[in-house]
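Please read the briefing below alongside the sequence and the model. It treats helix packing, then a sheet, then the division of the chain.

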Amino acid sequence: MNVTKSLIIGWLFTGLLSCHSASQLDIRTEVDSRVVELMSKMTLKEKVGQMTQLTIGSMSNKKVKRHFGLPITLDTAKVRRYIVEYGIGSVLNTGRFAHTKEQWNELIGYFQKLALEDTKNGIPILYGIDAIHGTNYTVGATLYPQQVGLAATWNPSLVEELAELTAYETRASGIPWTFSPVLDLGIDPRWPRIWEGFGEDPYLTAQMGLAMQSGFQGDDISDSSRVAACIKHFIGYSNPRSGKDRTPAWIPERMMRELFIPPFKEAINQGATSIMINSGEVNGIPVHANYDILTKLLKKELNFSGLVVTDWYDIYNLVERHHVAVDRKEATKMAINAGIDMAMVPNDIEFADCLTALVNEGEVPMSRIDDAVRKILKLKFDLGLFDSPLTDFKNYPDFGSDKHIAKAKEGALESIVLLKNDNDILPLSKRQKVLVCGPNSDNMRVLNGGWSYTWQGQMTDQFAKEKLTILEAIQGKVGHDNVLFEKGVAYSKGKYWKDEIVDMKALESAAMNVDVVVACIGENTYTEKQGDLDDLVLSVNQKELVKLLSTTGKPIVLVINEGRPRIIRDEVKLSDAVIDVLLPGNEGGEALADILYGDANPSGKLPFTYPSYTNDLIPYFYKYSEASPHADGSEYNDPFIKSQWPFGFGLSYTKFKYSNLKIDKEEYGANDVISVSVDVENIGDRGGKEVVQLYSSDLVASVTPSVKRLRKFEKLYLNEGESKTVFFELPIKDLAFVDRNYQKLIEKGDFKITVADQSTSFNVSETLVVEKLQDWRL
Ligand code: BGC
């Protein structure tokens, strides 16, 4: 099967909307009228087709011999049926594993040719992919840290640059739409998708989300090096009561408004073009069937006018997992009437048949279909797909380039968090003999995590062969002669991540022959439900490994490579230094080696509270009562929050001193802005980056306040001996909380601002409702 190359080449960049010369308003008008005109020519079946998204796997058939030499065998009869007969609007996913950019080009070119040439209205396919830490489903693309690592950089401009790089490489693969970023709050480490988000804090998540979205979308998504982002998973996905993926969440409206909604709200205000819905249920109602959430909250209150897409199989899940619909037809009615615009069906065409029947029977109003299709077509026009349906990899010389790799390394370097460094054991000397061991020491898979070349990330070592594991990077840095490697016995069989008995004798004798041990432990890769855990504590054999190493008396540098904070209390005690590399991506091995040997100074900070015990899984914005002794002070004197390391924590090889925290007044009105300044000085003997974090505390309020909340931050570089004054402008309105009536309220009273060890107090003199009560309840 050959694609008519000449036709595709003809499409390339011909007649891209001349948006650079036109004003935004003109473009909007032009797009709107093109949408209206096109819709006037469409039948119901064609409209419903646009609302249907299928996975590429649904068009495969191993028994049919028509293929493109792709990692998937396409059944061209099925492709024609879905694209030509049904006119589906969108295709997603990669099949079994990553394609090369040439294969993507051929594949998407083939889809577009069918959609444009063989259908009545010639509407291009909107191809979507999870390009979440680089274009992770394209061979040779630049892979950088997962979102949890990006959050640990506390560097939004770096995150924006990395997302821009992904947009470029995704378009180089012919794909204009990515299902990223995740804006769910990682407030419970038991949940397996913590690593896909920006940590536990709403403000940090919002800032990073804005940076990532802006890197993807730029000012104009018709630009052939930008893509449409898809913020996800709206809403309340990350907080299931059981800690397990896609299980029920119970989230009071106040908590929803105070914590979960703000990052989405910010991204919507910035211009989010699409949004994906939470697969789970909140307070007994599956979100895909919740009109209040999808229409009243999302479309009316938050004013979201982009495309609302389901998550995988989630209309059918209303029948099969949630039991709120008797059959797929009823499920389709519920979801579309609730506000869904496009169904990630993803395996068959039954959704389209159900929806057409429902409209004909008057169960779904035509106005709802038109509303959905308008949004889908608008996104396609905005992306320039009608004029340029296929971007060509040949026009993307920077794909996988050294320039991009250098940026990914910068990301990895800034994402690594130094958590313990007793007696300044780090940086190591390049002359020391080192033993490298543990299950995560010689493996690219674990550095990248899931969504890497495959969904579960199990083939990364094959795809990223030329990239350096931790072991290889250390060998490269200090020479093979200085590095002893013990596979850590049978790690390759994956035993170390499970509670299986592992023979460790060889390790003990190896440790006796070196000056220092680098023990690399943590997690294997997992994505979504596959990452559900029964125990947050590390596997017994990894605990045994560290214990055994400690009996040798050699200093231990513990490297933790994980997607969420696993309990490592005992191992931390036995180690001299601890470094959390999180999931740093393909450049992570080299970045870690640079940090271990002092060629780079660590600057990552935890984007979550690192728990010490499994029963202390509480984010840093806990309430005063959670950290107070018993009422009369006599019975329990232990503080109740026992974290291993606090949110925002991370060491450097230099030290920073804070002084002169100042605000401009002692009393503020509700509409005022506080001008804050603080001096930061590098008092160590090498240059380094520091994250200046500003927290506020509401001392007394009518709804119990958090002990503190992050309100501003700035990352800056200071040479040794250098000092700088950092300024923040903090609107009093940012201190508002969700009150008893679910309104956002500034309440008069006393507040405190804290930056590192500095703090100062002020008074707010008036009470003001900043956001009014809405007409729906959760
Ligand atoms: C995940 C989404 C993802 C989608 C498409 C789902 O299983 O929950 O985050 O975007 O698959 O791959």
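At what angle do helix α18 and helix α22 pack, and how far apart are their axes? Helix α18 (residues 470-478) and α22 pack at an angle of about 50 degrees, and their axes are 8 Å apart, where axes are lines fitted to C-alpha atoms, for helices over the stretch in contact, and angles run from 0 to 180 degrees between N-to-C directions. This is a predicted model, in which local features need pLDDT of at least 70 and side-chain atom pairs count only at pLDDT 80 or more, while totals for chains, interfaces and linings use all residues. Residues are numbered from 1 along each chain as its sequence is written, and side-chain values use heavy atoms, with hydrogens and water left out.

**Helix α18 with helix α22**
- The two helices α18 and α22 are therefore oblique to each other, a class that holds the angles left over once those under 35 degrees (roughly parallel), over 145 (roughly antiparallel) and 65 to 115 (roughly perpendicular) are set aside.
- The crossing of α18 and α22 is right-handed, meaning that the near helix is turned clockwise from the far one by less than a right angle.
- On the α18 side the contact (heavy atoms within 4.5 Å) is made by Ile470, Ala473, Ile474 and Lys477, and on the α22 side by Gly589, Glu590, Leu592, Ala593, Asp594 and Leu596.
- The residues of this contact of α18 with α22 divide into six nonpolar, one polar and three charged, where Ala, Val, Leu, Ile, Met, Phe, Trp, Tyr, Cys and Pro count as nonpolar, Asp, Glu, Lys and Arg as charged, and the others, Gly among them, as polar.

**The six-stranded sheet**
- An open sheet of six strands runs in the order β11-β16-β15-β14-β12-β13 with mixed pairing; helices (H or I, at least four residues) and strands (E, at least two) are DSSP runs numbered from the N terminus, and two strands pair if DSSP finds at least two bridges between them.
- Because β11 (417-421) and β13 (483-486) stand at the edges with a single partner strand each, one side of each is left without a neighbour in the sheet.
- Strand β12 (residues 434-437) pairs with β14 (residues 516-522) in the parallel sense over four bridges, and leucine 435 stands opposite valine 517 in β14.
- Helix α22 (residues 588-596) packs on the sheet and touches β14, β15 (556-561) and β16 (577-580), its direction making about 150 degrees with that of β16.

**Domains**
- The protein chain is divided into domain 1 (141-277), domain 2 (407-596) and domain 3 (654-771), with bounds that come from an automatic or database domain assignment.
- The C-alpha centres of domain 2 and domain 3 lie 37 Å apart.
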